[in-house]
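These are my notebook entries on one structure. I record what I looked up and what I found.

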Amino acid sequence: MCERNQTIMIKVLCVGDVVGTPGVDFLCRRLPSLKRSTGADICVVNGENADPSGKGITQAIAEDIFSHGADVITTGNHCFFRAGDSLYEENEFLLCPANFPGAEQNGWCELDFGRFKVQVMNLSGSAFLEPLGNPFETADRLLAQSSAKVRIVDFHAESTAEKQALGYYLDGRVSALFGTHTHVPTADARMLPKGTGYQSDVGMTGPQESVIGVVPELAIRKQKTHRPVRFAVAEGPCRMDAVLFTIDEATGRCLSAEGILTTEG
């Protein structure tokens, strides 16, 4: 962290959905250097597609991601594909969306740095996804459970409109909200009017020559025929999409939001 004109700035790096073994390997190779180059104090990684199948996450994969620089791992609609509730109950900084039934306490955590605290929340959208608890009401309850001024939200949602609506609903009450799930980065990293940093979707960490991480030919077959297709994670050079939020520790307001792309080479 750095000090400038008595303002202590916290830099929070948020990384888009890690897809399969190629995504995990690329993240582990490049995340440490990205944290150094950006001066990130905290790193949140969405790992809900990190399993080799492209769906879910396991204890071993989570440990690998943590050991290479993630402070918190968030997930989404695939959070229980390879694990049960116990994975999240036993790992304080591995989160599943708080609005899954019975999962509210596993959907947020608090990082204590002594001088300040950071609350990280994980929510899932309800538009075009499984019908879950209301993310707006869940966010209100989670905010009441922490005194931290710096608050970060991963909103794992399909609908851009739902993401924007929650962003404005929480504007001024959280430091930053970033969207995940679509694997396609949006060009709208910015500050909302009351001081919340925002990006509709950060993107993904995985193979560049793919359809949101999947072998293109398989995705084409599914879209063309509308018949069941067994997807496989693509291979080849990877990309890592992220957003860097710079936050005033004293007020919790976001000072800047910057989208970041890291590629092979």
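I take buried to mean under 20% relative accessible area, exposed over 50%, and partly exposed in between (1.4 Å probe, protein chains only). The model is predicted, so I note that local features need pLDDT of at least 70, side-chain atom pairs count only at pLDDT 80 or more, and totals for chains, interfaces and linings use all residues. Residues are numbered from 1 along each chain as its sequence is written, and side-chain values use heavy atoms, with hydrogens and water left out.

**Entry 1: aromatic pairs**

I counted rings of Phe, Tyr and Trp (its six-membered ring) as paired if their centres lie within 6.5 Å; planes under 30 degrees apart are stacked, over 60 edge-to-face and the rest tilted. The search of the whole structure returned 4 aromatic pairs. Phenylalanine 113 and phenylalanine 116 are a stacked pair, because their ring centres are 4.9 Å apart and their planes meet at 15 degrees. Phenylalanine 116 is buried at 7% relative accessible area, whereas phenylalanine 113 is partly exposed at 38%.

I then looked at phenylalanine 136 and tyrosine 169, which form an edge-to-face pair with 5.3 Å between centres and 70 degrees between planes. For elements I used DSSP runs numbered from the N terminus: helices (H or I, at least four residues) and strands (E, at least two). The pair links distant parts of the chain, since phenylalanine 136 is in helix α4 (residues 135–143) and tyrosine 169 is in helix α5 (residues 160–170), 33 residues apart.

What sits over the ring of tyrosine 169? I found the charged end of arginine 173 there, 4.8 Å from the ring centre; the rule asks for NZ of Lys or CZ of Arg within 6 Å of the ring centre and within 35 degrees of the ring normal. I also noted one aromatic cluster, formed by Phe80, Tyr88 and Phe100.

**Entry 2: the sheet**

I treated two strands as paired if DSSP finds at least two bridges between them. An open sheet of 6 strands runs in the order β6-β7-β8-β9-β11-β10, with mixed pairing. Its edge strands, β6 (108–112) and β10 (190–191), each pair on one side only.

β6 and β7 are antiparallel over 5 bridges, with aspartate 112 opposite lysine 117 in β7. These two strands form a hairpin with 4 residues between them, and glycine 114 in the turn has a positive phi of about 85 degrees. β7 and β8 are parallel over 7 bridges, with valine 120 opposite isoleucine 152 in β8. β7 is largely enclosed by the rest of the structure, because 7 of its 8 residues are buried.

**Entry 3: helices on the sheet**

Contact here means heavy atoms within 4.5 Å. Axes are lines fitted to C-alpha atoms, for helices over the stretch in contact, and angles run from 0 to 180 degrees between N-to-C directions. α4 lies across β6, β7 (117–124) and β8 (150–156), at about 160 degrees to β7. α5 lies across β7, β8, β9, β10 and β11, at about 170 degrees to β9.

**Entry 4: cysteines**

How many disulfides are there, by the rule of paired cysteine sulfur atoms within 2.5 Å? The count is 0. The sulfur of cysteine 43 is 7.6 Å from its closest cysteine sulfur, in cysteine 14, which is too far for a bond. Cysteine 96 is in no disulfide either, with the sulfur of cysteine 79 the nearest at 5.0 Å. Cysteine 43 is buried at 0% relative accessibility, and cysteine 96 is buried at 0%.

Note on methods: Disulfide = S-S within 2.5 Å.
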